Amino acid sequence: MESRVLSALTLPQVLGPEPEAASGRRAGPGRGHLLRSTAAVQALAAVVRPCYGPLGRQKFLVADNGDAVCTGQATAILKALRLEHPAAQLVREAAHVQAEESGDGTAFVVLLTEALLEQAENLLRAGLRRGQVREAYAAAAAEVATALPLLAIRSLGPLENPVWALLPVVSTHSVPDANLLAKLVAQACWACRQPDGSFRPERVGVCALRGGTPDASCLLPGLALPAACCGRRSSVLDGARVALFACDFAPAAPRLPSTARLSDPADLAGLRRGSDRALERQLSQLAELGINVVVVWGDVDELAVGLADRLDIMVVQARSRRDLVHLSQVLDTPLLGQLVPPRQPGRCQRVQARELGDGRAVLLEWQPAGSPALTLVLRGASAEGLRGAERAAYRAIDAFAQLCRDPRLLPGAGAAEMALATTLWAKGHTLEAPDGPAFLAFARALRTLPKTLAENAGLAASRVMAELSGIHQTGNFVVGVGPEGLVDAAREGVWDVLTTKARALQIVADMVMQLVMVDEIVLAKSGPAYQPGPDAREAGQGLAAVRKKFLGKY
């Protein structure tokens, strides 16, 4: 039997031209996909690809209610898409995991997954089996994990100002003044850093208030929430005890659907009096525990607010659940779904409503020496500009948290991906199949990322990639793709966080190795229950009789 194992030198000819020289990122007509997941991932990547990089384009997201949002963030775009293919859903979930853990790398996960799946199809057409592709990709991913830390040429010092490390993160977003925003985020993160060097991202809050100019953005001690006070009391100046509720501040409603059977107006009045007494007991229990500030996410009833005023409780209505979750982490108190007293209420020095420009916010303050949180107040004229600045601030905070765990940095602008591709390409030519061809395929997939940066910047991608490949082959691995051509990432101050890139590469490798082994997608459709016919029932009865007779011997 003729062996189907090819050498690493002859297999690239079977695989076809490199992505830079071919237009075949899509399967042409008449050329079917060997992997059931490739087409869906290609469609998903086609949506995200124009938004990759600092010069990526933006898209209008139109919700079901007609609201339109202009954004270039891959996380928001993926969240808005309605996906039916299970492979596309898996890729989106992996991208969201990357965004939640690192705050960056969403588009990177989608684009690299697409490129690796396309290269896996080429390996299958060349004669490799699925198990061989999976094992070879695992070996290539291990080589990438080993080579990536060697590219870290800069680290954030323990006493060093982190502005230079956070500025590239902020600059990837469309913000009016990236330098000012990076300085404010760096100042807030540095002030909230623990003496042992650790950092909790929830200690830095971001409050976006419309009105004013970006130059009016500032830092406030404590935690500012874009919220409104609903009662007469608008401040607690000493000894605030806070309870958080993710429910309506109103009389309790039955959890199960129910119908009240009323025979006369007296029954209706009695029902209302009973509901009012239950609400009064709930609020009285809060007051007996010493709680004088209630923050709710939900509807607020006027009667409940009146009872809270009589009990001297300040009622604050938050705008989003995320604000309550953040406040729960800072105050170390649970977020409750019912109006019941918490086991451990949150404590702070004072709570007061403040006018911040054209908006109102509620500020929770602590003692100056032990303030557990700072708030970055962002100002701007447009809601869209504020959303972009808020996303950039949160991403910079996540980047600082990553740097506190591992301060190493990689050259950005696609330089790290190109350096890894060069390493895999050189080693792939020295290995036999299946590892050798898989190393070459992995290198081709990594090269598509700096190529996408060049395309989104409006450059001649083929020429830029040829020059970049030649420079990296000489050993200069800090050169990447900039707005006008090749740039020295180290000299221009373009950096990527090592832990973020390493986690994204690991997530992509694990997901691709799983998708390579999927040969069919089986849908369990709902239908009428199976009713056995007379022949099946007789067969079942006969089988039961034989089983009974056989077991009776023992």
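At what angle do helix H6 and helix H17 pack, and how far apart are their axes? Before I answer, please keep in mind that what we are looking at is a predicted model.

Helix H6, which covers residues 130-147, and helix H17, which covers residues 498-516, pack at an angle of about 175°, and their axes are 9 Å apart. Since angles over 145 degrees count as roughly antiparallel, H6 and H17 are therefore described as roughly antiparallel to each other. On the H6 side, the contact is made by Arg130, Val133, Arg134, Tyr137, Ala138, Ala141 and Val144, while H17 contributes Leu505, Ala509, Val512, Met513, Gln514 and Val516.

H17 lies across S17 and S20, and it runs at about 65° to S20. Those two strands belong to an open sheet of three strands, ordered S3-S17-S20, in which the pairing is antiparallel. Strand S3, at 154-155, and strand S20, at 495-497, are the edge strands, each pairing on one side only. Strand S17, residues 408-411, pairs with S20 in the antiparallel sense over three bridges, and there Leu409 stands opposite Val497 in S20.

Now to the other sheet I would like to show. It is again open and built of three strands, in the order S4-S16-S5, but here the pairing is mixed. Strand S4, at 204-210, and strand S5, at 218-221, stand at the edges with a single partner strand each, so one side of each has no neighbour in the sheet. Ignoring direction, neighbouring strands in this sheet are turned by 30° against each other on average. S5 and strand S16, residues 374-380, pair in the antiparallel sense over four bridges, with Cys218 standing opposite Val377 in S16. Helix H8, residues 178-191, packs on this sheet and touches S4, S5 and S16, and its direction makes about 165° with that of S16.

Technical notes:
Residues numbered from 1 in each chain as written. Predicted model: local features only at pLDDT ≥ 70, side-chain atom pairs only at ≥ 80, totals over all residues. Heavy atoms only, no water. Axes fitted to C-alpha atoms, helices over the stretch in contact; angles between N-to-C directions. Parallel < 35°, antiparallel > 145°, perpendicular 65-115°, else oblique. Contact = heavy atoms within 4.5 Å. Pairing = 2+ DSSP bridges.
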